[in-house]
Amino acid sequence: MTPDGGRVVSASADATLRVWDVGSGRALHTLEGHGAGVWCVAVTPDEARAVSASFDATLRLWDLDSGRTLRVLRGHKTEVYSVAVTPDGSRAVSSSADATLRVWDLQTGRCLHTLGGHRNDVKSFALTADGRRALSASWDRTVRVWDLESGDVLHRFSGHTDAVHAVAVAPDGGRAVSASGDQTLRVWDLDSGRESHALEGHAAEVYDVAVAQGAAMAVSASEDRTLRVWDLPTGNMLNLLEGHTKPVFGVTVTLEGTRAVSTSPDRSLRLWDLESGYCLAKYECDDRVRSCAVSPDGRTVVAGDASGTIHVVSADPVRRDARSACGRL
């Protein structure tokens, strides 16, 4: 979603992106040019542009008002999995199956740094709030911390015994937490470069993790069909979130940090209260839920499912069932 919550950019396996007006549900533009499925998209802070990452090994910079391609970013050798834009909007960072990350100048389209060192796919990464560092999660079982100005690696975190699927950074930039196929999460101290503790309790792979803004809590999503809420300083589990009937692939925490939205192949979105662990609302999509985004005010959730449908859902916590306040794109 754009920062103002007014537009949505969706990325699809059909090699296109679409720009939608949230209020009317109208498609504003179809963004065409990629030669293979589009895996990820990020919107710039000024709401004017978006950067897409594709299995055609390229990224594209788009003008959201006209729908035109502004630049094609070439350099990765194979599929590009993930992309994010730095808070000042000047650079993008991408990760790829070629085991690297790349830092791009969005003004010129030039690759500033190739961040190499991983020995397997880099499926995801996270940026620190100041945009100066990136943390990469790799199938080589490690997490690396990178200086985006110099391109140097600052820390290499080892300890997981299986692929690292996701990593998230605490708002203060002092800690990060990683999620792994070894059924654990690990908390890392970014200043000392050491592991603080492991978060144990899941009974299967942990696919995703999100950190609550303004609170020292993390929420994890697992193949064991549950989510767990963790206290990062102590490593204690605060709440067990149960209800999904299939693995939970994704979790997003609302900006104020009190609620989370989870996605699953069971076709449902669920809205959770993190303090009580209570499921505030459930919404049934048409097919497996692949992704979601939450508006800055936390009142709207947009989700994409495997049928190619985008769902716009009210996240009003008063509603037990969100189905009465939704639309489809």
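# Close-up views of a predicted model

The structure, which is a predicted model, holds one cavity of 30 Å³ or more.

**View 1. The largest cavity and the residues around it.** The volume of the largest cavity is about 90 Å³. Twelve residues line this cavity, and those closest to its centre are Leu-269, Arg-270, Leu-271, Val-313 and Ser-314. Two or more lining residues come from each of the elements β26 (268–273), β27 (279–284) and β30 (310–314).

View 2. Strand β1 (residues 7–11) and strand β2 (residues 17–21) run antiparallel and are joined by five bridges. Within this pairing, Arg-7 has Asp-21 in β2 as its bridge partner. The two strands form a hairpin with five residues between them, and in the turn Ala-15 has a positive phi of about 75°. On the way to the next strand, β2 is joined by four bridges to strand β3 (residues 27–31), and this pair also runs antiparallel. Here Val-19 stands opposite His-29 in β3. The hairpin of β2 and β3 has five residues between its strands, and Gly-25 in the turn has a positive phi of about 75°.

**View 3. The open sheet of β8, β9, β10 and β11.** Four strands form this open sheet in the order β8-β9-β10-β11, and their pairing is antiparallel. Because β8 (80–85) and β11 (111–115) stand at the edges, each with a single partner strand, one side of each is left without a neighbour in the sheet. Neighbouring strands of this sheet are turned by 20° against each other on average, direction ignored. At one end of the order, β8 pairs with strand β9 (residues 91–96) in the antiparallel sense over five bridges, and Val-80 stands opposite Ser-96 in β9. Strand β10 (residues 101–105) runs antiparallel to β11 and is joined to it by four bridges, with Val-103 standing opposite His-113 in β11. The strands β10 and β11 make a hairpin with five residues between them, in which Gly-109 takes a positive phi near 80°. As a guide to reading any such view, in a regular strand the side chains alternate between the two faces of the sheet.

View 4. In the loop between β13 and β14 lies Arg-141, which has a positive phi of about 80° although it is not a glycine. Arg-141 is partly exposed, because its relative accessible area is 45% and this class lies between the limits of 20% and 50%.

View 5. Ala-57 is found in the loop between β5 (49–54) and β6, and it has a positive phi of about 75° although it is not a glycine. With a relative accessibility of 12%, Ala-57 counts as buried. Thr-58 lies in strand β6 (residues 58–63), and its relative accessibility is 8%, so Thr-58 also counts as buried. The side chain of Thr-58 is joined to the side chain of His-34 by a polar contact of 3.5 Å.

View 6. Ala-176 lies in strand β17 (residues 175–180). Is Ala-176 buried or exposed? At 1% relative accessibility, Ala-176 counts as buried, because the term applies to residues under 20% relative accessible area. Ala-176 and Ala-84 are 92 residues apart in sequence, and from C-alpha to C-alpha they are 17 Å apart in space.

Methods:
Residues numbered from 1 in each chain as written. Predicted model: local features only at pLDDT ≥ 70, side-chain atom pairs only at ≥ 80, totals over all residues. Heavy atoms only, no water. Pairing = 2+ DSSP bridges. Axes fitted to C-alpha atoms, helices over the stretch in contact; angles between N-to-C directions. 1 Å grid on protein atoms, 1.4 Å probe; cavity = no way out; pocket = protein on both sides within 12 Å on 5 of 7 lines; lining within 4 Å. Points joined across faces, edges and corners; volume = space filled by probe spheres on them. Buried < 20%, exposed > 50% of the residue type's maximum accessible area, 1.4 Å probe, protein only. Polar contact = N/O pair within 3.5 Å; in protein donor to acceptor, adjacent residues only side chain to side chain.
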